[in-house]
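Here is a short briefing on one protein chain. Look over the sequence and the model, then read the points below.

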Amino acid sequence: MDVTLEINGRVFSNRLSTYDVEQELSYSNEVTTIDGTEHFDNAKYRDIISFSLFPYDDETATKDFEALRKQPLSVVYTFPAENCDKTAEMRIVSNLNSSFGLKSVNGLRYYKGNEIVLRAISVYTG
């Protein structure tokens with residue numbers, strides 16, 4: 001997969017199994033005219049990244065978990081719709097503990113294989 005995903009300075013690109021970027025769209029003003037036509041004004045977009053990783057060793061999983069725990073997340077990612085890289089502050093909206101289990105024997109984390117979802121903190125107008 002030829003995409004960029006860097007979170008808090010940690011590169012995830014080489015371990016991506018799935019990767020998707022969606023845009024959440026909202027309008028600050030919606031007007032319906034007498035004829036029933038809806039008119040929208042000031043569209044706002046927020047990027048949402050969903051990804052999963054290939055299985056890998058516990059030492060790498062522990063470092064990934066630590067990078068994902070630091071909030072807010074500074075994320076550099078490929079935006080496929082425009083074929084460009086973007087930078088944004090994001091937060092995790094999925095349960096990080098359900099994606100990374102803790103091995104009590106050595107204190108390291110292991111990746112369980114769940115999808116991780118990041119949501120941009122700020123919106124931009126289009």
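A residue is called buried under 20% relative accessible area, exposed over 50%, and partly exposed in between, with a 1.4 Å probe and protein chains only. By that scale Asn8, at 28% relative accessibility, counts as partly exposed. The model is predicted: local features need pLDDT of at least 70, side-chain atom pairs count only at pLDDT 80 or more, and totals for chains, interfaces and linings use all residues. Residues are numbered from 1 along each chain as its sequence is written, and side-chain values use heavy atoms, with hydrogens and water left out.

**Overall build**

- The chain has 2 helices and 10 strands. Both kinds of element are DSSP runs numbered from the N terminus: helices are H or I with at least four residues, strands are E with at least two.
- From the N terminus on, the order is β-β-β-β-α-β-β-α-β-β-β-β.
- The radius of gyration is 18 Å, well over the 14 Å that the globule rule gives for 126 residues, so the chain is more spread out than a compact globule. The radius is taken over C-alpha atoms, and the rule is 2.2 Å times the number of residues to the power 0.38.
- Along the principal axes, the C-alpha atoms fill a box of roughly 70 × 30 × 20 Å.
- Contact means heavy atoms within 4.5 Å. Among contacts between residues at least 6 apart in sequence, 62% join residues at least 24 apart.

**Surface and charge**

- Buried residues make up 37% of the 126 residues.
- The chain exposes about 7,400 Å², and carbon and sulfur atoms supply 46% of it. Accessible areas come from the Shrake-Rupley method with a 1.4 Å probe; for residues, only the protein chains shown count as cover.
- The mean positions of the 13 positive and 19 negative charges are 11 Å apart. Lys and Arg count as positive, Asp and Glu as negative; His and the chain ends are not counted. Each charge is placed at NZ of Lys, CZ of Arg, CG of Asp or CD of Glu.

- Thr18 lies in strand 3, which spans residues 16–32. Thr18 is partly exposed, with a relative accessible area of 33%.
- Thr18 and Phe51 are 33 residues apart in sequence, yet their C-alpha atoms are 5.1 Å apart.
- The side chains of Thr18 and Ser52 make a polar contact of 2.5 Å. A polar contact is a pair of N or O atoms within 3.5 Å; within protein, one must be able to donate a hydrogen and the other to accept it, and residues adjacent in sequence count only if both atoms are side-chain atoms.
- Ser50 sits in strand 4, residues 38–53. Ser50 counts as buried because its relative accessibility is 12%.
- Leaving out residues up to four places away in sequence, Ser50 touches Thr18, Tyr19, Asp20, Glu115, Ile116 and Val117.
- Arg46 is also placed in strand 4. Its relative accessible area is 16%, so Arg46 is buried.
- The side chain of Arg46 reaches the backbone oxygen of Ala120 at 2.9 Å. Beyond four places in sequence, the contacts of Arg46 include Glu22, Gln23, Arg119 and Ile121.

**Asp85 and its partners**

- Asp85 belongs to strand 6. At a relative accessible area of 46%, Asp85 is partly exposed.
- Two polar contacts involve its side chain: one with the side chain of Thr4 at 3.3 Å, and one with the side chain of Thr78 at 2.9 Å.
- Asp85 and Val3 are 82 residues apart in sequence, with their C-alpha atoms 8.6 Å apart.

**Backbone features**

- Most residues other than glycine have a negative phi, and most peptide bonds are trans.
- Asn8 has a positive phi, near 50°. Asn8 is in the loop between strand 1 (5–7) and strand 2.
- Asn83 also has a positive phi, of about 50°. Asn83 lies in the loop between strand 5 and strand 6 (84–92), and is exposed, with a relative accessible area of 68%.
- A cis peptide bond joins Gln71 and Pro72, with omega about -5°. Pro72 is in the loop between helix 1 (58–69) and strand 5 (73–79).
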